Amino acid sequence: MGDQAAMITAILQSRLARTSFDKNRFQSISETLNMECKAEMVTPLVTNPGHVCVTDANLYFQPLNGYPKPVVQITLQNVRRIYKRRHGLMPLGLEVFCTENDLCSDIYLKFYNYQDRDELYFLIATYIENHVTEHTAESYMLQWQRGHISNYQYLLHLNNLADRSCNDLSQYPVFPWIIADYSSSVLDLTKPETFRDLSKPIGALNKERLDRLLTRYQEMPEPKFMYGSHYSSPGYVLFYLVRVAPEYMLCLQNGKFDHADRMFNSLAETWKNCLDGATDFKELIPEFYENDSSFLVNSLKLDLGKRQGGKMVEDVELPPWASGPDDFLQKSQEALESQYVSEHLHEWIDIIFGCKQKGSEAVAAHNVFHPLTYEGGVDLNSIMDPNEKVALLTQILEFGQTPKQLFTVPHPRRIIPKLKSLSRTSSHSVSITESPVSPNEESFEDLTEESITLAWNNIAKLKLDEQYKIHKEAITGIAVTCNGSSVFTTSQDSTLKMFSKESKTIQRSVSFSNMALSSCLILPGDTTVLSSSWDNHVYFYSIAFGRQQDILMGHDDAVSKICWRDGRLYSASWDSTVKVWHCVPGETLSNKKHRFELLAELEHDVSVNTIDLNAANTILASGTKEGTISVWDVTTATVLHQLPCHSGTVFDAAFSPDSRHLLSTGEDCCFKVIDVQTGMLISSVTTDEPQRCFKWDGNTILSGSQSGELLIWDLLGGKVTERIKGHTGAVMSMWMNEQCNSVITGGEDKQIMFWKLQY
């Protein structure tokens with residue numbers, strides 16, 4: 001068997017070496033040839049050898065036998081996605097898509113060495129990177145979490161990223177069984193019992209069967225595995241698709257269909273067998289959630305045999321709740337996109353593509369398959385005997401392969417929109433049931449949310465209203481009174497200034513020491529301004545009395561940033577700490593000074609440069625001078641997540657309005673998004689220059705750049721949508737009002753600029 005394969009390979013290579021790509025097939029005589037090599041076009045169960053050619057405009061494949069056509073041509077301008085693939089366990093595949101969401105690709109190529117594959121990938125990727133954003137699992141995750149792509153689209157993208165392809169039956173895309181009810185006359189998607197438990201693999205859904213499998217597993221010598229078959233294999237794919245692709249099953253089974261009673265006869269029977277069968281653990285394929293129901297109907301009138309009861313195998317028997325094949329697919333799609341599945345799909349992703357796929361987590365989740373099914377389970381290059389190598393490869397390809405692992409930490413859950421979204425300013429929220437609004441009353445909170453959404457949708461229409469040079473050095477902090485009439489700014493020139501918007505003049509200028517001030521804020525009631533200083537202190541300045549009211553000597557090095565929430569002061573410092581203070585007002589009128597009680601000290605390894613709190617004031621994020629982002633539980637003063645996000649200083653960090661995500665920007669010219677619940681880094685966007693400060697609504701970012709421009713970013717698309725000319729030096733600080741339609745920026749050029757949205 002191995003000798004025969006070697007002989008065929010030798011003949012093939014000899015013929016390929018004697019031929020080359022026919023350049024007369026080029027679309028244009030002006031095309032420049034960039035690369036030519038030998039390769040095979042992969043289709044299910046068949047690979048077709050020929051020559052690949054890539055020019056400055058097109059990708060060509062010319063098969064030796066002229067099938068399916070003399071030349072396959074793909075215009076590079078049309079390419080939307082390109083993936084490197086494992087084929088036959090070797091890193092030799094390349095798949096090209098000209099669509100964003102289609103299941104099947106335009107061409108799948110297998111090369112004879114990885115250098116050719118990588119060079120072709122580089123040529124195409126370099127061409128398309130100017131037209132298309134490269135998507136990672138994390139960027140798709142962010143789109144899915146925020147509801148920009150459906151559950152179906154997300155699973156499709158994860159399959160693609162995990163080397164699953166419609167052209168490779170041993171690595172066909174895998175989709176979950178969703179529905180567990182195949183007997184009711186009506187499918188009720190509001191009942192949890194309608195659905196399969198997505199936190200368990202198929203083999204663990206039936207406890208009795210699982211107990212038997214675990215007993216065998218414990219008695220088994222190494223290498224141990226729980227399941228003797230896989231959830232996805234060529235046989236299972238063709239089991240489902242036999243009515244539309246009979247030739248593939250005949251090819252796989254030596255010219256015969258399977259026994260009639262083992263065919264895909266009924267949904268209810270197949271589901272029952274997956275629950276009870278001793279060796280049946282298969283999941284579904286994407287076709288169950290698409291629009292083409294032909295795989296459920298024997299429209300080719302194939303003779304698929306006669307069952308034991310004498311009944312011929314015809315169309316697939318559907319559950320009572322489906323009026324026909326199209327209705328079955330429609331209801332399956334509705335189930336996949338239902339609220340229950342949206343809330344639990346991340347659990348199934350952990351099992352198939354994530355942290356429960358391998359190792360101790362897989363054992364705990366009862367998700368252990370034969371070692372040969374995992375990537376890296378065997379090194380084929382180390383096997384010298386050709387017969388042994390072919391036998392092992394055949395066994396692996398026919399048995400099934402586990403997808404490439406995409407995530408190593410728990411996958412974040414999807415953000416399910418509630419009936420009413422939280423106001424970005426409320427520190428605690430009440431549910432609708434607790435705060436009934438009479439029908440004829442307009443909810444103020446809803447109006448605020450609407451105006452905020454409108455503002456962010458039009459953020460590109462931000463126009464410079466006024467600008468004033470009010471400091472002698474860079475401006476580091478901006479705070480504005482509730483009525484918007486007074487603007488307070490801090491600067492590296494060591495002064496706190498009060499600027500009147502109405503009279504356009506500086507009304508106060510205060511210097512607490514000769515050291516730079518780093519940030520400022522106004523306490524509720526608009527009577528007191530706090531300023532943090534490089535002299536290790538926080539200064540309290542009374543607006544009403546026009547004098548310094550208090551000093552908090554709380555740190556051993558410069559205070560870099562302060563926040564105030566619910567009577568508590570949070571101070572970050574270069575002394576490697578963030579401190580939480582409770583400020584107790586003076587007890588008598590003659591003693592207006594505060595007493596400061598240290599509630600918590602959050603210790604870091606290096607200087608802390610910035611902090612932010614979530615809307616509920618329960619979680620604090622800190623960014624250090626070495627690029628680490630830490631997420632802290634303020635109530636227990638413990639660190640929840642610590643990630644080395646940036647190389648160099650973290651300039652700014654802020655929670656999204658719903659507190660699900662944390663965005664940070666740093667010296668390394670990157671935006672990073674962290675899922676707060678899991679601590680997973682879910683998106684990274686590279687910028688041309690450092691972005692010093694920003695505001696965001698969870699999807700769109702308004703940032704101030706090192707060069708002084710204001711930039712508007714589509715975070716999900718990973719690109720700049722608008723550039724607005726601003727300061728002549730770095731934008732050092734940014735303030736935005738609650739309605740998000742008014743912005744003030746402070747720059748290295750010593751100016752403050754007032755910006756207004758002009759719809």
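Reply: Rings of Phe, Tyr and Trp (its six-membered ring) form a pair if their centres lie within 6.5 Å; planes under 30 degrees apart count as stacked, over 60 as edge-to-face, and the rest as tilted. This is a predicted model, so keep its limits in mind: local features need pLDDT of at least 70, side-chain atom pairs count only at pLDDT 80 or more, and totals for chains, interfaces and linings use all residues. Residues are numbered from 1 along each chain as its sequence is written, and side-chain values use heavy atoms, with hydrogens and water left out.

Now to the rings. The structure holds 33 aromatic pairs. One of them joins Phe288 and Phe295, and this pair is edge-to-face. Their centres are 5.0 Å apart, with 70° between the planes. Both Phe288 and Phe295 are buried (under 20% relative accessible area; exposed is over 50%, partly exposed in between; 1.4 Å probe, protein chains only).

Next, look at Phe540 and Phe596. Their rings make a tilted pair, 5.2 Å centre to centre, with 45° between the planes. This pair links distant parts of the chain: Phe540 is in strand E15 (residues 537-542), Phe596 is in strand E20 (residues 595-603), and 56 residues separate them. Strands (E, at least two residues) and helices (H or I, at least four) are DSSP runs, numbered from the N terminus. Phe540 counts as buried because its relative accessibility is 0%. Phe596 is at 23%, so it counts as partly exposed.

Which residues do ring pairs link into a cluster? The members are Trp177, Tyr182, Phe239, Tyr240, Phe264, Trp271, Phe288, Phe295, Trp321 and Phe328. Phe288 and Phe295, the edge-to-face pair from above, both belong to this cluster.

Rings can also have a charge over them. The rule: NZ of Lys or CZ of Arg is within 6 Å of the ring centre and within 35 degrees of the ring normal. Lys84 lies over the face of Tyr121, at 4.7 Å from the ring centre. Lys625 puts its charged end over the ring of Trp574, 3.5 Å from the centre.

Leave the rings now and turn to the backbone. Most residues other than glycine have a negative phi, and most peptide bonds are trans. Start with the peptide bonds. Tyr67 and Pro68 are joined by a cis peptide bond, with omega about 5°. Pro68 sits in the loop between strand E3 (58-63) and strand E4 (72-75).

Then phi. Lys301 is not glycine, yet its phi is positive, near 55°. Lys301 lies in the loop between helix H8 (267-276) and helix H9 (325-336). With a relative accessible area of 68%, Lys301 is exposed. Lys504 has a positive phi near 55° too, and is not glycine either. Its loop connects strand E11 (495-500) and E12. Lys504 is partly exposed, because its relative accessible area is 41%.

E11 and E12 lead us to a sheet. Four strands form an open sheet in the order E9-E10-E11-E12, with antiparallel pairing (two strands pair if DSSP finds at least two bridges between them). Strand E9 (475-480) and strand E12 (505-511) stand at the edges; each has a single partner strand, so one side of each lacks a neighbour in the sheet. Five bridges join E9 to the antiparallel strand E10 (residues 486-491). One detail here: Ile478 has Thr489 in E10 as its bridge partner.

Now the cysteines. A disulfide is a pair of cysteine sulfur atoms within 2.5 Å. The structure holds zero disulfides. For Cys274, the nearest cysteine sulfur is that of Cys166, 20 Å away. Cys274 counts as buried, at 0% relative accessibility. For Cys669, the nearest is the sulfur of Cys670, 7.1 Å away. Cys669 is at 17% relative accessibility, so it counts as buried.

One last stop is Gln751. Its place is in strand E35 (residues 751-757). Gln751 is buried, at 15% relative accessible area. Its side chain makes a polar contact with the side chain of Gln467, at 3.1 Å (N or O atoms within 3.5 Å; within protein, one must be able to donate a hydrogen and the other to accept it, and residues adjacent in sequence count only if both atoms are side-chain atoms).
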